[in-house]
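This report looks at a cavity, a residue in a strand and a helix, in that order.

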2 protein chains.
Amino acid sequence: MLADLRRKHLEFKGFPTLWLGIDIGGSKVAVALADADGRIRARRRRPVDPAGDPSDELARIAADARALLAELGAESSALAGAGVSAPGPLDAERGLLLGPPNLPRWQGTPVAPWLRDALGVPVRLENDANAGALAEWRFGAGRGRRSLAFLTMSTGVGAGLVVDGALLRGRAGNAGEIGHVPVVWDGEPCACGLRGCLEAYIGGAAWTNRLRRAAPASSRVVELAGGRERITPEHVLAAAGAGDVFACDELARYNGYLARALVGLVFTFAPELIVLGTIPSAAGEALCFEPLREQVRARVWPVLASGLEIVPSALGPELADHAGIAVAMQGGASERSSSN
Amino acid sequence: MLADLRRKHLEFKGFPTLWLGIDIGGSKVAVALADADGRIRARRRRPVDPAGDPSDELARIAADARALLAELGAESSALAGAGVSAPGPLDAERGLLLGPPNLPRWQGTPVAPWLRDALGVPVRLENDANAGALAEWRFGAGRGRRSLAFLTMSTGVGAGLVVDGALLRGRAGNAGEIGHVPVVWDGEPCACGLRGCLEAYIGGAAWTNRLRRAAPASSRVVELAGGRERITPEHVLAAAGAGDVFACDELARYNGYLARALVGLVFTFAPELIVLGTIPSAAGEALCFEPLREQVRARVWPVLASGLEIVPSALGPELADHAGIAVAMQGGASERSSSN
């Protein structure tokens, strides 16, 4: 109550109390404004043209931000800072994208400096795994936890690691690249050029290729997709829910390889909590989380198994709005980076 | 020069400038006194009786500490603090040993509180992997680095992880348990009860068992050991140095499994530096470090491979003296622990 009054007073005095979050994906951009408590107050989402000019896109993002401020009747001086979540690789320190596979024209684009100039506020940039980890820690499944690992599992597979509220970055920002931990030594070729990486087994692109190759014509997966060449992981989830044998085997295989990587993560990083995004969240408890927890718990020490929490993203489809906000708010927090 | 004068002045004024380091191993105890710069000024080592009473042993350690102070002509008020390195598992926060396999009688011994009462100074306790990591970071191969992983490789295999000068502990102190990362899924049984752990392939106990089973009678390893049942890893190192085929194959196998775990570590934690203790240090550059570096570099991304340093412990046999000292000096540093 007093806090509310104080905030209204600060807003009245023009004290900056809004945070801007920007999520740049391979196909969509989300821009959101949140208040000092992280509540989303205004948002917009729109498609991005991967072949378009990044400068034009950044200008549209800045215009979106101004439009959202106007929508709230707020001055631009109300903005405390902005955060951008974008696909890696990127240089967080200098605020540059470095050749994200789905946005090839953005190679070398100085996203953070450009937006800093356009908006006149501090702008921080993080890759989507790190931004998602901060968002789940600040607003989602990880609230009040000291450490967590957040896994993004779409086309690529990566993790953001948070310890005591700060990102664990590692050398050149490469900590948490769990998608490239070997789960089968000398195994399947990965898009990254190595072999046996987790991503080569459960990454959306690799898995989709496999499904289109391996699905029997009689499978419900093919029926749901309307043809083998149109299968996506979502069809497997739907078919597994209906008890289709091929789909259930595929989900078990998915969980099996994911468990291998999570066992390694638990023994290396020992997080309080593991938060899984995207595909497993969609698969739900019965299809994914319980079988996965059982496998991981059986392969780590009892002292680690007993308290091990593996949960879906609490933010789900709202993650895109919160990711950039969490990055923006991190401005005041200490960082645990290793050198670049 | 001025620093020297100032230290002498502080010593004259009775300002505490000495740090006590204690290393409790399965067969030996090392007690050392270091000055404010971490230079060892006095030390003693003696055997420990694993079947002896821990209270008697702690009383001997306290007596050793007083004798070393007397040897330097220093008052006990000159002692700023003490640190203990001991085999895990242990409870660093409460200063207790928790059933170290080679010191079964020490189960539940409150090592840090006991020594605190006896010596009248703050006493910190860390497991040997963490203490070794701090020692290499402060005095050894990791000086000036922001992050490192230090691997202990004797009977057991473990790692201490340092980020920005603080230990990464993980939940219940279980970060860095790299000896139990699976390197072969459903592989060899490990003494810990799981299967396929790194330790089941390269741990001293597991490797020794294998060597005694597998060494051909004609191998130089058997000849050097004076009988198959007396083989230790040291005989493999010596025989490999002389070109023995079985020994060379065994070292290659050792490096191969170690590389699997290091690749996972690099993609998860991305340290600036990996420091290897014990067996690899003894094997040296040609037998171990170059083949190991080659394998790891070939299995990580070029951006990670190019700057990846994998080096032997710089402290080597002096590690036991420095481990406790580094733990003691950590008293003033911030900690990055996760909750217990």
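In sorting residues by class, Ala, Val, Leu, Ile, Met, Phe, Trp, Tyr, Cys and Pro count as nonpolar, Asp, Glu, Lys and Arg as charged, and the others, Gly among them, as polar. The model is predicted, with local features needing pLDDT of at least 70 and side-chain atom pairs pLDDT 80 or more, while totals for chains, interfaces and linings use all residues. Residues are numbered from 1 along each chain as its sequence is written, and side-chain values use heavy atoms, with hydrogens and water left out.

The structure holds 1 cavity of 30 Å³ or more, a cavity being a set of points, on a 1 Å grid over the protein atoms alone, where a 1.4 Å probe fits but cannot get out, with lining residues having an atom within 4 Å of a point.

| Item | Value |
|---|---|
| Volume of the largest cavity | about 60 Å³ |
| Nonpolar lining residues | 7 residues |
| Polar lining residues | 1 residue |

Among the lining residues are A:Phe267, A:Arg299, B:His180 and B:Trp185.

A:Glu126 lies in strand β7 (residues 123–127) of chain A, strands being DSSP runs of E of at least two residues and helices runs of H or I of at least four. At 3% relative accessibility A:Glu126 counts as buried, the term meaning under 20% relative accessible area with a 1.4 Å probe, protein chains only.

In helix α6 (residues 204–214) of chain A, the buried residues are A:Gly204, A:Trp207, A:Thr208 and A:Leu211. Seen down the axis of α6(A), these fall within an arc of 100°, so they line one face of the helix, the arc being that of the directions from the helix axis to the C-beta atoms.

Terms used
Chains lettered and ligands numbered in written order. Buried < 20%, exposed > 50% of the residue type's maximum accessible area, 1.4 Å probe, protein only. 1 Å grid on protein atoms, 1.4 Å probe; cavity = no way out; pocket = protein on both sides within 12 Å on 5 of 7 lines; lining within 4 Å. Points joined across faces, edges and corners; volume = space filled by probe spheres on them.
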